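Here is a short report on one protein model. Look at the structure first, then read on.

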Amino acid sequence: MTTILKPVQTLNVDELRSKVKDIYRQVAETPEQEYHFEMGRPLAERLGYEVADLNKIPQEAIASFAGVGYHFDLANLKEGEHVVDLGSGSGMDSFIAALKVGFEGAVTGIDMTDAQLNKATRLRSREDIPQIAFKKGFIEDLPMKDASADVVISNGVINLSAYKRSVFEEAARVLKPAGRLAISDIVTEIQLSE
């Protein structure tokens, strides 16, 4: 595992994680509530997700989707590949990845929020999709073996980590040689207030 580097600025990481877990617990449990960010199927379709793919996956996963972009064209997933989804939430991207890699492939969703993991796992079991596994963990300290993934994907989650450099080091560690990283995220050049 990678040595986790401390954030450049003084930051209470435990407090940040607690706040992120709380909001995404609410997203998993009550997606119909109004949040300070867009969510759900209208957002997914606006970002470019294929309607045919959205129709084939659990609608409850889509209801809790809070991504920021569409990256499956970049990922170019192939049948039989192993995909790791950083910050998998309720599993929408993991379910779509499973469609693309087929029954010979594998998808591992990583999330730190129990409510999101519980929802994703329940949906995976209900839909009987054995090639997906959801694991609890931090994206800056992945519970994965070295060189075990063909592709790492992430959607709007890296910006929530205080250890961004460690996230990319961990992605590089778990990727096989010539593996691919496909992410959608948000960035700012302006320092945010606390």
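By class, 6 nonpolar, 2 polar and 3 charged residues line the second largest pocket. Here Ala, Val, Leu, Ile, Met, Phe, Trp, Tyr, Cys and Pro count as nonpolar, Asp, Glu, Lys and Arg as charged, and the others, Gly among them, as polar. This is a predicted model: local features need pLDDT of at least 70, side-chain atom pairs count only at pLDDT 80 or more, and totals for chains, interfaces and linings use all residues. Residues are numbered from 1 along each chain as its sequence is written, and side-chain values use heavy atoms, with hydrogens and water left out.

The second largest pocket has a volume of about 180 Å³. A pocket is an open set of points on a 1 Å grid over the protein atoms alone, where a 1.4 Å probe fits, with protein on both sides within 12 Å along at least five of seven lines; lining residues have an atom within 4 Å of a point. The volume is the space filled by probe spheres set on the points, which are joined across faces, edges and corners. Among the lining residues are Lys56, Phe95, Leu99, Phe103 and Asp128. Helix H6 gives the largest share of the lining, 3 residues.

Now the sheet. Its 5 strands form an open sheet in the order E3-E2-E1-E4-E5, with parallel pairing. E3 (132-136) and E5 (175-184) are the edge strands, and each pairs on one side only. On average, neighbouring strands are turned by 20° against each other, direction ignored. Strands (E, at least two residues) and helices (H or I, at least four) are DSSP runs, numbered from the N terminus. Two strands pair if DSSP finds at least two bridges between them.

| Strand pair | Bridges | Direction |
|---|---|---|
| E1 and E2 | 5 bridges | parallel |
| E1 and E4 | 4 bridges | parallel |
| E4 and E5 | 6 bridges | parallel |

Valine 84 has threonine 108 in E2 as its bridge partner. Valine 83 stands opposite valine 151 in E4. Valine 152 has leucine 181 in E5 as its bridge partner.

How many residues of E4 are buried? The count is 7 of the 7, so E4 is largely enclosed by the rest of the structure. Buried means under 20% relative accessible area, with a 1.4 Å probe and protein chains only.

H8 (residues 164-174) lies across E1, E4 and E5, running at about 140° to E5. Angles run from 0 to 180 degrees between N-to-C directions, with axes fitted to C-alpha atoms, for helices over the stretch in contact. Contact means heavy atoms within 4.5 Å.

Definitions and conventions. Buried < 20%, exposed > 50% of the residue type's maximum accessible area, 1.4 Å probe, protein only.
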